[in-house]
Number of protein chains: 2
Amino acid sequence: MRLDRTLFSTPEGIDRESFVIATYLVEHDSSVEILRSAAALAVEQTTGTWTPVPGETPELRKKHVGRVIAVHEIPAHEFEVPRNVETRQFIVEIAYPWVNFGHQIPMLLSTVFGNISMTGKIKLLDLYLPEKFVIGFRGPQFGIQGIRKILNVPHRPLVLNMVKPCTGYTPEQGAQMFYQAALGGVDIVKDDELIADPPFCPMMDRVKLYMEKEKEVFARTGERTIYTVNVTDRPDRMKMNAKRAVDGGVNGLMVNYLTAGISALQALAEDPAIHVPILAHLDFAGAFYQSPYSGLSSHLVLGKLARLAGADMVVYPSYYGKFPFLKERYVRIAHHLTELFYHIKPTFPIPGGGVHAGMVPFMLEELGNDSVIAAGGAVHGHPDGAVAGAKALRQAVEAAMSGLGLEEAAKEHRELKSALDLWGIYDKSRDRLLFDLK
Amino acid sequence: MRLDRTLFSTPEGIDRESFVIATYLVEHDSSVEILRSAAALAVEQTTGTWTPVPGETPELRKKHVGRVIAVHEIPAHEFEVPRNVETRQFIVEIAYPWVNFGHQIPMLLSTVFGNISMTGKIKLLDLYLPEKFVIGFRGPQFGIQGIRKILNVPHRPLVLNMVKPCTGYTPEQGAQMFYQAALGGVDIVKDDELIADPPFCPMMDRVKLYMEKEKEVFARTGERTIYTVNVTDRPDRMKMNAKRAVDGGVNGLMVNYLTAGISALQALAEDPAIHVPILAHLDFAGAFYQSPYSGLSSHLVLGKLARLAGADMVVYPSYYGKFPFLKERYVRIAHHLTELFYHIKPTFPIPGGGVHAGMVPFMLEELGNDSVIAAGGAVHGHPDGAVAGAKALRQAVEAAMSGLGLEEAAKEHRELKSALDLWGIYDKSRDRLLFDLK
């Protein structure tokens, strides 16, 4: 059967402002003809189905059909495919006219990875989003500079603390943890992703008590602290939670955006009544990115889409910590959160999970000062208490910025010394940690 | 290091009404101690973190920590692990106190598959939801019986048509397709998942024109047709779309619930202003279920969670059609949509994707009469037109119900005969189709 020429284009042959371009990794049985298969994807995700239908006219196709703009085999066989090859791998690029779905994330995802997500081994590696498409999104309301302004911290890397234990405490116990972390110099305190609004620790009680402590700390230290309260729930209730919390005086919000929905995060971020920064939490991300042959790349899930939806900060897996994660992935997410993206403001990268003072210089070396050092256990599990835990992290940040080095700085700061004595200095040469119970 | 005994229980040792039980497939390097690793998962997803923190008291743990209730190795080594084994596979069951997250889906997912989704090879196979947890959900407003009542079709399997081509047509062209499909005897017409509210085919124009046709058809045939209009958008806009469409007279809604958010579907389904059935569409599901070592089982994504969220109907991959899909998975989804689930009504299973008349008896044999035969191309791509395409499907359903068989029935029905001549009768012995362009 002849291939339909209208389903193909060169990358130069399309108007890039009219198309979203998706890049896939596809693995096929060696018997499959890749050009036919790629063309099938382009049709399936736009105008057509498995059998010709009369309404799919040439004119309709021209305006609305997807185009295969690149197919690269890995390795790039040219004169023969070795006989013992059972499967073949391809990078396929398809351009989709975004007039088909408009300025919204759910229909974007339904188009670029809807039914074709179920067609065997296929992973969505990247999305090129043209400016005319992105113009329909506001992105982060605050972003890196906005958060720096709230905190009055123009240059230094920020320090964030997750309240630990994750759940099960009362608002009063939580407020005490908040107070110690903030007093020790933490810039942002976030709820754990496992606590939202349970009966034993109501959200509004936390907002009230924590924000009282925030004012107390400011009076003592002159430093502000952002508290991101976890408002995660089904989208309509999440919006109500957020409005109640903001009316109650909270100065930050947190959303488990991958279980609540990426566009539920967007609805919150673009709501005119929400005038505080939003932290997007990574939990559930592995369900999307862990497989090398299905799902979506981690930098899409935790980078580009979160930023497009308006996350001011994103927590994602630290290479150095408790999640097994490739270093190149961890660095790539930060790029997608901070590089030029038309009018969309940069988002604060927050690599997290098992971070302690002994890792700080290595993290900042890679991510730069526009990043957040995030620690839960390293603050509340510090042998001299949470105030000391927070101080140790600020001391590690200062040591990294001044170029002094951790061991030198520890001579002058006993909090940092205790932290390094307990958890050590990260050994760059060692293998990544396996997730395990310490 | 000694294992903390409080992190373990037998299945009989917990109050099953107080816990959600998650079943995982875990693959580990053979050097990892599985009991320690499983205990780490139970702690990570409830009270703890990677290092001990003072607030995690014995009392707090007792109330809020997860418990490992089962660990089964596959194969079940007892006296030795063969030396050449490099990786070991386990089924792990962890019970989570649902007081930690309450009656909501996002926090349920953040708890059972939040950070641990990022800890290497781990797939969430199943969730046991106790009645006291499920009582917080309404489930489908209509379900199978409610939809049968609207249509006045008490027993027979239903026939559904997806308007094809998927996108790019005008509301007038769409209305013509709707009219033909409905006139031919289709019970439900759904939008394609690739069309929502684009400028060339506004949602409200479709509602107006299609519902006019619905009345015309009813006047001619005495049969009602449900039109599920695709309202997918970010949750707040989706709710507005839905209300406008319902006010405009539509008698059904459709949601791409995996890109819009499972709990965005729930918010819609439990909204008192929405008094029409909702069809949940499968697109994007492969991003969750395709990997054997990560993500979630297809029967969770497309079965249990969709039903819990209130889907009256769910479209999922047909084993017989264009999606590569294991038969046991396809059958299992139907079980999860229709079996006893406390007070939650059964959801209509709609296996779709490449379905035509020649498959109908085999599908009904497996799924029973409480299912929906769903075809796009087989209606609009029928050689004698869409009316004939719809008739052929109804004729196939009748042939299956009467036990007459397709070939016999085709002798009396030319529409069915044309369909079988073109697409054939499904050959039960043949391999599943690879997704391909016909």
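Reply: Helix α16 of chain A is largely enclosed by the rest of the structure, because 13 of its 17 residues are buried. This is a predicted model.

Me: What makes a residue count as buried?

Reply: A residue is buried if 20 or more other C-beta atoms lie within 10 Å of its own. Take A:Asn251: 22 other C-beta atoms lie within 10 Å, so A:Asn251 is buried.

Me: Where is A:Asn251 placed, and which residues does A:Asn251 contact, leaving aside its neighbours within four places in sequence?

Reply: A:Asn251 sits in the loop between α8 (235-247) and β8 (252-255) of chain A. Leaving aside neighbours within four places in sequence, A:Asn251 is in contact with A:Ile226, A:Tyr227 and A:Val276. The C-alpha atoms of A:Asn251 and A:Thr225 are separated by 8.6 Å. Along the chain, these two residues are 26 residues apart.

Me: What follows α16(A)?

Reply: A:Gly403 follows, and its phi is positive, near 80°.

Me: How do you know that the span of helix α6 of chain A agrees too?

Reply: Helix α6 (residues 171-183) of chain A has 13 residues, which should span 18 Å at 1.5 Å a residue. Its end C-alpha atoms are 18 Å apart, so the span agrees. Just after α6(A), A:Gly185 takes a positive phi of about 115°.

Me: Which residues of α6(A) are buried, and what do they pack against?

Reply: The buried residues of α6(A) include A:Gly174, A:Met177, A:Phe178 and A:Tyr179. Buried residues of α6(A) pack against elements of chain A, among them β5, β6, α7 (203-221) and α16.

Me: Why do the residues fall on two sides?

Reply: In a regular strand the side chains alternate between the two faces of the sheet.

Me: What makes β5(A) a partner of β12(A) and of β6(A)?

Reply: Two strands pair if there are at least two bridges between them. β5(A) has four bridges to strand β12 (residues 372-375) of chain A, in the parallel sense. In β12(A), A:Ile373 is the bridge partner of A:Val159. β5(A) also pairs in the parallel sense with strand β6 (residues 188-190) of chain A, over three bridges. There, A:Ile188 is the bridge partner of A:Leu160.

Me: How many bridges join β7 and β8 of chain B?

Reply: Three bridges join strand β7 (residues 226-230) of chain B to β8(B), and the strands run parallel. B:Thr228 stands opposite B:Gly252 in β8(B). Both faces of β8(B) are covered: B:Gly252 and B:Met254 are buried on one side, B:Leu253 and B:Val255 on the other.

Me: Which strands of the open sheet in chain A stand at the edges?

Reply: The open sheet has four strands in the order β2-β3-β1-β4 (chain A), with antiparallel pairing. β2 (67-74) and β4 (122-128) of chain A each have a single partner strand, so one side of each is left without a neighbour in the sheet. These two stand at the edges. Inside the order, 11 bridges join β1 (residues 19-29) to β3 (residues 87-97) of chain A. One of the paired residues is A:Asp29, whose bridge partner in β3(A) is A:Thr87.

Me: Now the two chains. How do you know that the copies are related as by a two-fold rotation axis?

Reply: Chain A can be laid on chain B by a turn of 180° and a shift of 0.0 Å along the axis, with an RMSD of 0.0 Å. The two copies are thus related as by a two-fold rotation axis. Of the residues of chain A, A:Gly261 comes closest to the axis, at 2.3 Å (C-alpha).

Methods. Residues are numbered from 1 along each chain as its sequence is written. Chains are lettered from A and ligands numbered from 1 in the order in which they are written. This is a predicted model: local features need pLDDT of at least 70, side-chain atom pairs count only at pLDDT 80 or more; totals for chains, interfaces and linings use all residues. Copies are superposed by least squares on the C-alpha atoms of residues with pLDDT of at least 70 in both. A residue is buried if 20 or more other C-beta atoms lie within 10 Å of its own, exposed if 12 or fewer, and partly exposed in between; C-beta atoms are placed from the backbone. Two residues are in contact if their C-beta atoms, placed from the backbone, lie within 7 Å. The expected span of a helix is 1.5 Å times one less than its number of residues.
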